[in-house]
Amino acid sequence: MPFSPSKRKGTLLGIGFVALIALISTLLSRVDAVQSLGISPLVVGIVIGIIFANTLHHTIPTSWESGITFSAKKILRFAIVFYGFRITFQQIGEVGLEGFLVSLIMLASTFLLGTWLGTKIFKMESDTSMLTASGAAVCGAAAVLATEPVVKAEEHKAAIAVSMVVLFGTIAMFLYPVLYSSGILDMSAKEFGIYVGGTIHEVAQVVAVPASVPGLSVEAANAAVIVKMTRVIMIAPMLIILGIYLSYQAKRTGGEGSAVKLVIPWFAVYFIGVAGFNSLQLVPQNIVDIINEIDTFLLTMAMTALGIGTRFAKFKGLGLAPLYTALGMFVWLVIGGYFITKGVCGVV
């Protein structure tokens with residue numbers, strides 16, 4: 001146990017060390033050059049964590065490892081639950097049926113495509129494939145973090161998935177404004193907003209794209225963010241379905257009569273509960289803003305801890321499979337997402 005008398009001091013020091021790096025990451029993310037790229041403190045945290053893991057990790061006491069693991073596992077679940085304070089059901093209703101359908105279709109199709117590409121075409125392990133797919137399908141790094149305990153993946157696999165999110169999410173952030181401004185994307189402003197929210201990886205990147213298009217309406221920017229947050233809330237049912245599926249698979253492959261416990265990611269259920277509570281608007285907005293700031297810091301701690309547990313030596317054997325898988329999903333998000341958005345908006 002991390003807080004047993006013999007481990008308590010090391011655990012607390014490990015958590016404090018992770019918190020210190022998370023604080024540095026938060027401050028760095030507020031630098032203008034970093035903000036202009038739409039890079040969140042979560043991404044800065046994992047980058048610093050990975051650099052530390054592969055250069056100076058031997059300098060910290062082994063007793064701190066329990067605190068680092070606690071940050072990557074327990075603090076993560078707590079932070080995902082309180083992520084629900086960023087969403088209200090009213091926001092989902094505002095964007096209309098077309099926004100909801102685009103979110104649902106893109107999430108399901110991207111996750112299935114990414115998992116299939118990773119496991120069947122590029123021969124990656126299923127947990128790595130699912131982590132990479134969840135990052136592209138839902139909400140970037142936060143989705144990878146939320147999926148990691150469900151698939152029971154190792155830290156370095158989650159780090160791979162996050163790196164793919166950063167790479168292709170950043171490319172999308174620069175590509176989409178060019179495609180729209182040049183007229184290649186034949187879309188109305190609202191359609192473009194739905195398209196951005198339904199296909200770009202990170203929330204911060206979704207916010208940055210409309211701001212990069214001169215003269216784009218506020219309606220388009222709002223639609224992008226609301227559709228994105230609709231995708232975010234869908235992570236809860238996705239993880240529950242995934243947990244049920246993995247339990248079924250374990251039972252099927254384990255042979256008849258094998259006892260396999262159904263794994264329900266309760267933190268995902270609590271996440272929906274918090275979003276529902278937030279929808280009642282009982283908590284003043286200034287308090288919600290403070291909760292979200294604290295939650296972002298806790299997520300940054302989890303990402304930092306994830307990075308600290310990532311050693312490049314563990315990547316051997318994976319080759320370019322994660323890159324090819326993420327590229328396949330990116331092409332689908334850009335091209336398939338365009339046609340799905342146009343089709344849904346044209347029918348609904």
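**Exercise 1. Find the parts of the structure that the salt bridge between K190 and E98 ties together.**

Step 1. K190 and E98 form a salt bridge, with their closest N and O atoms 3.3 Å apart. The term stands for a side-chain nitrogen of Lys or Arg within 4 Å of a carboxyl oxygen of Asp or Glu.

Step 2. K190 belongs to helix 10 (residues 189-199) and E98 to helix 6 (residues 96-121), so the pair ties together parts that are 92 residues apart in sequence. Helices are DSSP runs (H or I, at least four residues), numbered from the N terminus.

Before going on, note that this is a predicted model, in which local features need pLDDT of at least 70 and side-chain atom pairs count only at pLDDT 80 or more, while totals for chains, interfaces and linings use all residues. Residues are numbered from 1 along each chain as its sequence is written, and side-chain values use heavy atoms, leaving out hydrogens and water.

**Exercise 2. Decide whether K157 and E125 are buried or partly exposed.**

Step 1. Start with the contact: the two side chains, K157 and E125, meet in a salt bridge at 2.2 Å, N to O.

Step 2. Locate the partners: K157 sits in helix 9 (residues 155-181) and E125 in the loop between helix 6 and helix 7 (126-139), so parts 32 residues apart in sequence are tied together.

Step 3. Apply the cut-offs: buried is under 20% relative accessible area, exposed is over 50%, and partly exposed lies in between (1.4 Å probe, protein chains only). K157, at 8%, is buried, whereas E125, at 48%, is partly exposed.

Conventions: Helices (H or I, at least four residues) and strands (E, at least two) are DSSP runs, numbered from the N terminus.
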